[in-house]
Amino acid sequence: MVAHTYFELGGGYMFGLKFLSVTNFQEMLIKLTFWHFVGALFCFWLLDKEVHFFSELFKGSIITLWEMKVPLLMAIFAIVWAGIMSHVFKLHDRISDVFRIRSRYDYKHILEPLTKSVIENPSSELLEKLKSNRHEAMTNMFYNFASSTDENPIVGKHNIHQALTSFSWYWVFLELAFTSFLTGLIIGVFNREFSILAFGMTAACLLCSLIVLPEIRKYTRSQITKILEDENASDTIRKYINALSS
């Protein structure tokens, strides 16, 4: 009953709508936090099983989640970990910054295709300017036409929601890969043994993130096509690029 109440926080959506598909950034953060909680719960259970470091700490009240008996304190630790890492620290952004995931994706799959579609043979200097001014360029060339907060975005709300949902799964898998990898390292430090489950989970999450990528790219291509089909949007992009190159 407690778990069911938690599922309905943040707008009254039922489980399948809130934590599977998303329609805006805030819903994506809630989804990331929930699935990170599920993954962290497994990782804490694994730590308790392999290291026994939390054995005494996690003794006490037992609650039932999805027909599984879990120590209350373990669930609290998992909630706090997921809340801090996903919602406060925004772990997916930190991972993206370190590995330059978003910057490379934005340039390769959005800015460069849009530029080459409205300008014939763009110079290397212009393309470098797009890279160095990525945030501004993304706003002027893409987000102005594909924002989830607009009533009638050029690319269509359904397409935006599908893209956000696919991207949210990608970030879920990367965040879970981080937590499971960290779990494996901790187990290795205390046990000095390779943790098959922890590192197996890391590998599985990384594989799933790669599987999701083609879907993300498909929705991005669809959005770019919609933007270019709109004469006003294409003209606005062309004017921005000309101003940037001057």
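**Figure 1. Overview of the chain.** The chain has eleven helices and two strands, where helices (H or I, at least four residues) and strands (E, at least two) are DSSP runs numbered from the N terminus. The model is predicted: local features need pLDDT of at least 70, side-chain atom pairs count only at pLDDT 80 or more, and totals for chains, interfaces and linings use all residues. Residues are numbered from 1 along each chain as its sequence is written, and side-chain values use heavy atoms, with hydrogens and water left out. From the N terminus on, the order of elements is α-α-α-β-β-α-α-α-α-α-α-α-α. Of the 246 residues in the chain, 44% are buried (buried means under 20% relative accessible area, exposed over 50%, partly exposed in between; 1.4 Å probe, protein chains only).

**Figure 2. The buried face of helix α8.** In α8 (residues 134–143), the buried residues are Arg134, Ala137, Met138, Met141 and Phe142. They fall within an arc of 100° when seen down the helix axis, so they line one face of α8; the arc is that of the directions from the helix axis to the C-beta atoms. Their cover includes α6 (101–118), α7 (124–132), α10 and α11 (231–245).

**Figure 3. The meeting of α7 and α8.** The axes of these two helices come within 5 Å and cross at roughly 95°. Axes are lines fitted to C-alpha atoms, for helices over the stretch in contact, and angles run from 0 to 180 degrees between N-to-C directions. The helices α7 and α8 are therefore roughly perpendicular to each other (65 to 115 degrees; under 35 counts as roughly parallel, over 145 as roughly antiparallel and the rest as oblique). Leu130, Lys131 and Ser132 in α7 meet Arg134, Ala137 and Met141 in α8, contact being heavy atoms within 4.5 Å.

Figure 4. Asn144 lies in the loop between α8 and α9 (157–191) and is partly exposed, with a relative accessible area of 42%. Its side chain reaches the backbone oxygen of Thr139 at 3.1 Å. Leaving aside neighbours within four places in sequence, Asn144 is in contact with Thr139 and Asp150.

**Figure 5. Thr202 in helix α10.** Thr202 belongs to α10 (residues 196–229) and is buried, with a relative accessible area of 9%. The side chains of Thr202 and Ser180 make a polar contact (2.7 Å); such a contact is a pair of N or O atoms within 3.5 Å, and within protein one must be able to donate a hydrogen and the other to accept it, while residues adjacent in sequence count only if both atoms are side-chain atoms.
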